[in-house]
Amino acid sequence: MIPSRDISRLLEIMAALRAPGSGCPWDLEQNFATIAPYTLEEAYEVDDAIARGDLEDLKDELGDLLLQVVFHARMAEEQNAFSFGDVVETITRKMIRRHPHVFANKDGRLTPSGVKGAWERIKAEEKAEREMARSSEHPSRKSLLSGVKAGQPALARAMELQRKASTVGFDWNDPRAVLHKIREEADEIEAALDRGDADELAEETGDLLFALVNLARHVGADPELVLRRTNGKFERRFAYIERSLESQGRSLNGASLDEMDALWNEAKTRT
């Protein structure tokens, strides 16, 4: 195998990795569920490269993300469900349908807002068609929340679930009420700690996170964005601890928690 600019080479490589008997043992034992976390991770890596403005890294990360698509398509092909070619055909059909002003109506003159409106309208039509097809195969009662995509990151999905529920009045009117709920959830975590129940602790921690997302929504903050900012702040302050200890000829392993906490408080006044 030699590198190539042709997508067929990547498909050949994946087929070889998944070939029973001669493929890679790790690749062979994977399935959709085990690969899904890597797919999300690679999508975030793409986002990070864009945020940093690193186009060389973006090229590399896009390749990693493309590999995820190829991996999923290969596993589907092994189950006679669909192939990579089917994926390409589906997205090309979708793009042609969503851009009639480009591929069908050559005389159309749409503004950027008009293009966005047409895109959303056609997406809604496609969604309705999919839901109709699913309902005919699996008849069931439609929930208000059924349109919230399950594949979203947990923070974004929590926001959307809460937003949907709020449209019928299932919501608090005051952020302070949400804050009260957060305190209530924290008390439940403390009680679970006293009982030492790991499963209960995990569940209560999830409830607390959900309540925190609700607070973010009520104060007009994007939980993903504010958490990213806090991550960056944590990194800067922790780096200050490392630099301070290094200037003393010391390492993190040789410092006590009290010493590191004092440096953290010092970093808070500087970063």
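Q: How many helices and how many strands does the secondary structure of the chain comprise?
A: The model discussed here is predicted. Read along the sequence, its pattern is α-α-α-α-α-α-α-α-α-α-α-α. The secondary structure therefore comes to zero strands and 12 helices.

Q: What percentage of the residues of the chain count as buried?
A: A residue is counted as buried when its relative accessible area is under 20%. The chain has 271 residues, and the share of them that counts as buried is 21%.

Q: What share of the accessible surface of the chain belongs to carbon and sulfur atoms?
A: The accessible surface of the chain is about 18900 Å². The part of this surface that belongs to carbon and sulfur atoms is 57%.

Q: Among the contacts in the chain with a separation of 6 or more, what percentage is due to residues 24 or more positions apart?
A: The contacts considered are those with a separation of 6 or more. Within that set, residues 24 or more positions apart account for 51%.

Q: Which orientation class describes α9 relative to α10?
A: Two packed helices are described by the angle between their axes and the distance between the axes. For helix α9 (residues 175-195) and helix α10 (residues 198-218), the axes come within 9 Å and cross at roughly 165 degrees. Because angles over 145 degrees count as roughly antiparallel, the class of α9 relative to α10 is roughly antiparallel.

Q: Is the crossing of α9 and α10 left-handed or right-handed, and how many nonpolar residues does their contact hold?
A: The crossing of these two helices is left-handed. Their contact includes Val-178, Ile-182 and Ile-189 of α9, together with Leu-201, Leu-208 and Leu-215 of α10. By class, the residues of the contact of α9 with α10 divide into seven charged, three polar and, for the class asked about, 13 nonpolar.

Q: What is the C-alpha to C-alpha distance between Ala-177 and Leu-215?
A: Ala-177 is found in helix α9, and at 25% relative accessibility it counts as partly exposed. Leu-215 is one of the α10 residues that make the contact with α9. Ala-177 and Leu-215 are 38 residues apart in sequence, and their C-alpha atoms are separated in space by 9.1 Å.

Q: Which orientation class describes α11 relative to α12?
A: Helix α11 (residues 223-247) and helix α12 (residues 257-268) have axes 9 Å apart and pack at an angle of about 120 degrees. Because the range counted as roughly perpendicular runs from 65 to 115 degrees and roughly antiparallel requires over 145, α11 relative to α12 is oblique.

Q: How many charged residues are in the contact of α11 with α12?
A: The crossing of α11 and α12 is right-handed. Residues making the contact include Phe-234, Phe-238 and Tyr-240 of α11 and Met-260, Leu-263 and Trp-264 of α12. By class, the contact of α11 with α12 has nine nonpolar residues and one polar residue, while the charged ones number three.

Q: Which residue lies 9.6 Å from Ala-43, C-alpha to C-alpha?
A: Ala-43 is found in helix α3 (residues 32-52). Its relative accessible area is 36%, so Ala-43 is partly exposed. The residue 9.6 Å away in space, at a separation of 25 residues in sequence, is Gln-68.

Methods: Residues numbered from 1 in each chain as written. Predicted model: local features only at pLDDT ≥ 70, side-chain atom pairs only at ≥ 80, totals over all residues. Heavy atoms only, no water. Helix = DSSP H or I, 4+ residues; strand = E, 2+ residues; numbered from the N terminus. Buried < 20%, exposed > 50% of the residue type's maximum accessible area, 1.4 Å probe, protein only. Contact = heavy atoms within 4.5 Å. Areas by Shrake-Rupley, 256 points an atom, 1.4 Å probe, with all protein chains shown as cover. Axes fitted to C-alpha atoms, helices over the stretch in contact; angles between N-to-C directions. Parallel < 35°, antiparallel > 145°, perpendicular 65-115°, else oblique. Left-handed = near helix turned anticlockwise from the far one by under 90°. Nonpolar A, V, L, I, M, F, W, Y, C, P; charged D, E, K, R; others polar.
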